[in-house]
Amino acid sequence: MARFFWGAWDAVSAATVDEAGGEGIWLSGLCCSAAYGLPDTELLGLGDLMACLGNVRRASRLPVWVDCATGFGDAANFAVAAADLHRGGADGVCIEDKVFPKRNTFSKVSHALEDVDRFCRKIEKARAALRGSSCQVIARTESLTVGEPLPDALRRASAYADAGADALFLSNPAVSPGAAIEFLAGWNKRLPVILLPTSYRLDPAVDLDDLGVSTVIYANQLLRAAISAMRQVFDRYGEDRLSVTDHEPMISMAEMLRLTDKNLS
Ligand code: SPV
Ligand code: MG
């Protein structure tokens with residue numbers, strides 16, 4: 001059965017996923033960067049990401065996959081980062097096949113894809129650094145994002161499987177899942193596939209297991225929803241400055257303390 005992971009960036013978002021029955025956590029580069037006031041362009045350092053991971057780990061024992069963007073440099077750097085992140089509680093480390101500094105998949109700025117061999121070295125080195133552990137090396141291809149034809153995405157996916165990746169993350173910022181479904185039909189299920197329906201909606205009639213989809217990630221919906229909820233408070237405040245003590249649209253103080261004080265006893 002395909003599992004559903006949710007993007008989190010701190011202990012509160014992780015606890016929310018955990019309590020709602022999420023099956024895993026995606027430590028989102030976009031959300032962690034946003035929490036630091038940074039754009040999603042790899043300005044967030046390994047130490048910052050480790051701090052986010054530590055906070056998430058305080059709140060949840062769910063599997064956590066860490067979004068490592070392009071992997072902190074070359075293959076040797078990524079191998080060190082992968083081992084550190086695993087020691088810090090990561091169950092998976094994901095790298096994407098763009099050149100540093102990457103831009104968010106949905107950015108209008110043009111993206112360049114990494115050379116296939118260079119990217120495969122990153123996978124190999126990280127796999128070697130994590131040998132003996134169950135931590136997964138997840139290879140993310142941005143081939144569809146940059147508008148490469150389907151055979152390019154399939155060729156890259158095969159090369160990443162040969163290099164030892166444990167799963168393939170298929171990025172696709174389209175409004176329809178068509179290209180992702182076409183990819184899955186052409187892929188030989190050598191690796192489980194991870195989908196991100198951020199801009200497209202998956203058809204409930206589609207059998208994800210049959211297509212070889214192991215995981216669906218809602219990568220940044222919770223942060224976007226949280227911002228939306230904060231804005232609603234300000235909308236009400238705009239209409240009535242005294243309305244903000246109405247507790248109905250927000251969790252109670254008792255509930256807030258339950259979340260923060262869980263580890264006190
Ligand atoms: C993230 O949340 O950091 C992701 C997903 O990588 S996306 O920004 O939608 O590409
Ligand atoms: Mg990201």
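An oxygen atom of ligand 1 sits 3.5 Å from an N or O atom in the side chain of Trp 26.

| Side chain | Distance to an oxygen atom of ligand 1 |
|---|---|
| Trp 26 | 3.5 Å |
| Asn 104 | 2.7 Å |
| Thr 105 | 3.3 Å |

On its own, ligand 1 exposes 280 Å², and the protein buries 99% of that (areas by the Shrake-Rupley method with a 1.4 Å probe). In total, 13 residues surround ligand 1, with Ser 28, Leu 30, Asp 67, Asn 104 and Arg 140 the closest (a heavy atom within 4 Å counts as near).

A quick word on the ground rules: this is a predicted model, where local features need pLDDT of at least 70, side-chain atom pairs need pLDDT 80 or more, and totals for chains, interfaces and linings use all residues. Residues are numbered from 1 along each chain as written, chains are lettered from A and ligands numbered from 1 in written order, and side-chain values use heavy atoms, without hydrogens or water.

At its start, a side-chain oxygen of Asp 74 comes within 3.2 Å of the backbone nitrogen of Ala 76. The buried residues of H4 include Phe 78 and Leu 85 (buried is under 20% relative accessible area, exposed over 50%, partly exposed in between, with a 1.4 Å probe and protein chains only). Helix H3 and strand S3 are among the elements covering them. After H4 comes Gly 89, with a positive phi near 115°.

Key: Helices (H or I, at least four residues) and strands (E, at least two) are DSSP runs, numbered from the N terminus. Contact means heavy atoms within 4.5 Å. A polar contact is a pair of N or O atoms within 3.5 Å; within protein, one must be able to donate a hydrogen and the other to accept it, and residues adjacent in sequence count only if both atoms are side-chain atoms.
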